[in-house]
Amino acid sequence: MSDLLLAMSVFHFLRPLWLLLVPVIVGLWWLTRRRRSGRNTLSQGIAPHLQAAMEVGRNQAHRIRPIDGVALTLLLLAAAAAGPTWSRQPNPLVAQSAPVAVVLKVTKSMDAIDIAPSRLERGKQKIRDFLDLRAGGRSGLVAYAGSAHVVVPMTEDASIILPYLEGLSPDVMPKEGADFAQALSRAQALIEDEGGGALLLVADGLDPADVSAVETAPMPVAVLSMLPEGTRDRGLDALGNRVIAVQPDGSDIRRLDRTLNASYRQSLLENSDDPWLDRGPLLAWPAALLLLLWFRRGWTMHWGAAVFALMLMAPGQARADGLADWFWTPDQQGQRAYDRKDYTRASELFGDPLWRGWAMYRAGRYAEAVQVLDRVDTAQAAMIQGLSNIRNRAYRDGVRSFETALTRDPGYPGAAENLEIAKQIVAYVEAAQEAQDTQDQTELRADDVTYDNEENKGQELQVDLPQEDAAAGLQSAEQWMNSVDTETGDFLKSRFLLEATQAAAEGEQ
């Protein structure tokens, strides 16, 4: 479903009673128009041919008149007051682009070279293009043949996925076959952890027995067919418009992205927890443009010119002159800056402490965000405080914030998971501090090491090294990384074999 069709399917008015003014406005317009059109200004006793010559504007009886502009303006204002809407207010804690689990078929058939350089290599190329197009959207990678494996869990950093994607080949898969059902289960688990999302299957075929699993999947599924033009597959043909054929340009990837995001946004619209976004203010702009007609001689309501000039004033100039406060509240001005991704400016404009704290978090002002959010006693505020503390490396404070969020709302999404991760970070830091005390001081390679160690485990150390020693340490670490000769494919082959062996052992039990 396209964005336009999706918007039309959910379009409604928040305050429909204002629409009762529409027939009143139309009635007044019709009466005024009729009276004007029926007015006879001809003098009696004048010959018809002289009347036609003396009259001015007789053939312009149907031209646009002031009442037309007034009526149209009132109709626009009535519609704006009714509150048209077709989308919900964006939740700052929920991604607006669909989290996508990419499922790649890695079988011998994908090595066919009927699509250059091969079906598998072209599929990898399309996946890279897809990740580049999403630019920060959360994505994960699942590979399957006779068994299915999560190659990379959901992440916002596409650069993490790319080396593992390059290492995939049929040789690294521990078992031959095409078990799509298991791959679907792995991908569904990734998407459920995200709270929703979509699935992209990149394959050259699908078993007809798996068609029903795709059609009944609890998430949107799109398929990129790696078959050359003219080649048919029963399973893919049965999926109909879910399947998009691979193209030499990027049109297939753009279409996939639009399809998956539209399906995801439709699921977000069904979430009744988020309020609808009032689009009525958009109609104020065409109503304001109609005010330009009032500059014409003979038109009424000339007082609208000054107001119109102020409304058209650029946002930056309006702020400089202090005129923005005439038309927008501080929160509305902050929202405008936030939508432009000017988070620093938004944090200065927002009056609501929750939004101001969230804007500070997005701007990287983590310590200030924590202080501002102390004024808000909600689980959401504590959640943002926890994220700010973690980003600010105040891990203990992050643990306390997540605990506060769970105290205020035990079921708040993501709070329990983040609390567990924060505790693991604290435990790791303290273990590293304790282990450091047992090392020889000459092996330390940091100029200034500081740990969050509230329980006073071990001893605090601070070692100053000469610059040349620090540079040597970095160089040796880089050389060590370059000396690792394990290929990504070898690593994946060992990991997949271990996972398949463990799965078989669990199945026997």
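This is a predicted model: local features need pLDDT of at least 70, side-chain atom pairs count only at pLDDT 80 or more; totals for chains, interfaces and linings use all residues.
Me: What makes S4 and strand S5 (residues 148-155) count as paired, and which way do they run?
Reply: DSSP has to find at least two bridges between two strands for them to pair. Five bridges join S4 to S5, so they are paired, and they run antiparallel.

Me: Why is strand S4 (residues 139-144) called largely enclosed?
Reply: Buried means under 20% relative accessible area. Six of the six residues of S4 are buried, so the strand is largely enclosed by the rest of the structure.

Me: Which residues of S4 are buried on each side?
Reply: Ser139, Leu141 and Ala143 are buried on one side, while Gly140, Val142 and Tyr144 are buried on the other. Both faces are covered.

Me: Back to H5: why are H5 and helix H6 (residues 158-166) described as roughly antiparallel?
Reply: Angles over 145 degrees count as roughly antiparallel. H5 and H6 pack at about 180°, with their axes 11 Å apart, and they are therefore roughly antiparallel to each other. On the H5 side, Lys124, Ile127, Arg128 and Leu131 make the contact; H6 brings Ala158, Ile161, Leu162, Leu165 and Glu166.

Me: And what makes helix H18 (residues 366-373) and helix H19 (residues 379-391) roughly antiparallel or roughly parallel?
Reply: Their axes come within 9 Å and cross at roughly 155°. With the cut-off for roughly antiparallel at over 145 degrees, that makes H18 roughly antiparallel to H19. The crossing is left-handed. Tyr366, Ala369, Val370 and Leu373 of H18 meet Ala381, Ile384, Gln385, Ser388, Asn389 and Arg391 of H19.

Me: Why is helix H17 (residues 353-362) called largely enclosed?
Reply: Count the residues that fall under 20% relative accessible area. In H17, seven of the 10 residues are buried, so this helix is largely enclosed by the rest of the structure. The buried ones are Leu354, Arg356, Gly357, Trp358, Ala359, Met360 and Tyr361.

Me: What covers the buried residues of H17?
Reply: The cover includes helix H15 (330-339), helix H16 (343-349), H18 and H19. That brings in the H18 and H19 pair that crosses at roughly 155°.

Me: Why is Asn418 partly exposed rather than buried?
Reply: Buried needs under 20%, and exposed needs over 50%. Asn418 is at 21% relative accessibility, so it counts as partly exposed. You'll find Asn418 in helix H21 (residues 415-436).

Me: Which residues is Asn418 in contact with, leaving aside its neighbours within four places in sequence?
Reply: Met383, Leu387 and Phe402. Asn418 and Phe402 are 16 residues apart in sequence, and 7.0 Å apart in space from C-alpha to C-alpha.

Me: How many helices and strands are there in the protein, and how much of the protein is buried?
Reply: There are 23 helices and eight strands. Buried residues make up 37% of the 509 residues. Among contacts with a separation of 6 or more, 63% come from residues 24 or more positions apart.

Methods
Residues are numbered from 1 along each chain as its sequence is written. Side-chain values use heavy atoms; hydrogens and water are left out. Buried means under 20% relative accessible area, exposed over 50%, partly exposed in between (1.4 Å probe, protein chains only). Helices (H or I, at least four residues) and strands (E, at least two) are DSSP runs, numbered from the N terminus. Axes are lines fitted to C-alpha atoms, for helices over the stretch in contact, and angles run from 0 to 180 degrees between N-to-C directions. Angles under 35 degrees count as roughly parallel, over 145 as roughly antiparallel, 65 to 115 as roughly perpendicular and the rest as oblique. A crossing is left-handed if the near helix is turned anticlockwise from the far one by less than a right angle, and right-handed if clockwise. Contact means heavy atoms within 4.5 Å.
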